[in-house]
Amino acid sequence: MSQPDASSEPNPARRVFLSKPHMGGSERGLVDEVFEANMVAPVGPAVDRFERELEAYTGIAHAAALSSGSTALHLACILAGVEAGDEVWGPSLTFMGGVSGLVMRGAIPVFFDCAPESWGLDPSLLEAELSAAKRGKRLPKLVIATDLYGQSCDLDALLDVTSAHGVPLVTDSAEALGTLYKGRHAGKGALMAALSFNGNKIITTSGGGALLSDDGDLIARARFLATQARDPAPHYQHTTLGYNYRLSGVCAAIGSGQMQVLEQRVEQRRQLYHAYKSVLADAPVRFLLDQPDSRETHWLSVAFLDRHGPETLRLALEQDNIEARPVWKPMHLQPLFKEARFVARWREPDTNRAVCETYFDRGICLPSCSQLVAEEAEDFERVADALSRFF
Ligand SMILES: *Cc1c(COP(=O)(O)O)cnc(C)c1O
């Protein structure tokens, strides 16, 4: 949440953020209850309650509330048996929090280009690469598929491919709480799914995450590892390495309040996406498409510019004190991963750019705060004006 550039003209208008917390109203009361009952610790009824709510909402049988989405994915790697030197495969177009866990395991990331239109991990590209890996007797230990910007990956197709090769699949659903894929919640059907309640996500616990699975043993193990892996003995005995990754009771109470308004937030973000589509109906812009049989949350409204570079638009919006951001920078372009293998699907003949590189070149995330459809509708008008002037 950076301040406007000090060198530009002072702009009295309220800053429009990319994505900010949006409280529903009951969170404070629930936090008060937690204080009154002295349940602030990262264990007890407030945490349990939030976990039951996540299970009921997602239809995934077991949930462990954790300190972040990144820590949830770190634990997912451990639970999937990822060890130093193993390969973990996933999309290049994602956020670092989905990759840091496997790096902490000492695993080798292999990054994949995405499927055009759906932006997710491409099942046919994955299948071709898995078959080649099987011939070379070097299958990945785990595949992590990302649900980008409130859109589900093509989970069934990916599960068909991975299960045929006996490779487990975990979803990084950090951006997809509320997303439905063929009528079920994003990540349902994967071995495990990770959620994030970071401050910029569709709901927030101020900071937090969760790991979910239909396999209760995995989630019991996740809770064990997240509380320092203490063996059942009074004298603090450890046979495995654990972590301090649980969610505090205070944060869980905020989460319970946010769960009450989650469906409303989904509707608001979807409305905003449609509002952008109509404002930009005549502009040389495309949007992330809705997939058949799915309900996208449009956590962020992502536009794809046919002509202009997104940086010119970003700077123009910044002049009006409006925050926009480029699409995630693909992992294989990150200095940290310059040695990593990248599996391209196809390259644009003129530019030699892969699909995810083109998305990075041309994509921009527009302000997507759920407040913009009601309480702060006048700010949406400012954004719409700025966009109309630009195009
Ligand atoms: C936000 C996010 C994460 C990490 O979640 P934190 O709670 O911020 O650690 C991981 N992957 C993706 C794709 C995300 O957007």
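Modeller: A term to begin with: buried means under 20% relative accessible area, exposed over 50%, and partly exposed in between, with a 1.4 Å probe and protein chains only. Strands are DSSP runs of E, at least two residues, numbered from the N terminus. This is a predicted model: local features need pLDDT of at least 70, side-chain atom pairs count only at pLDDT 80 or more, and totals for chains, interfaces and linings use all residues. Residues are numbered from 1 along each chain as its sequence is written, and side-chain values use heavy atoms, with hydrogens and water left out.

Colleague: Which residues of S12 are buried on each side?
Modeller: Ser301, Ala303 and Leu305 are buried on one side, Val302 and Phe304 on the other.

Colleague: Why is S12 largely enclosed by the rest of the structure?
Modeller: Five of its five residues, 301–305, are buried, so S12 is largely enclosed.

Colleague: How many bridges join S10 to S12?
Modeller: Three, and S10 (residues 285–287) runs antiparallel to S12. Strands pair if DSSP finds at least two bridges between them. Val285 has Leu305 as its bridge partner.

Colleague: And how many bridges between S12 and S15?
Modeller: Four, again antiparallel, with S15 covering residues 363–366. There, Ala303 partners Ile364.
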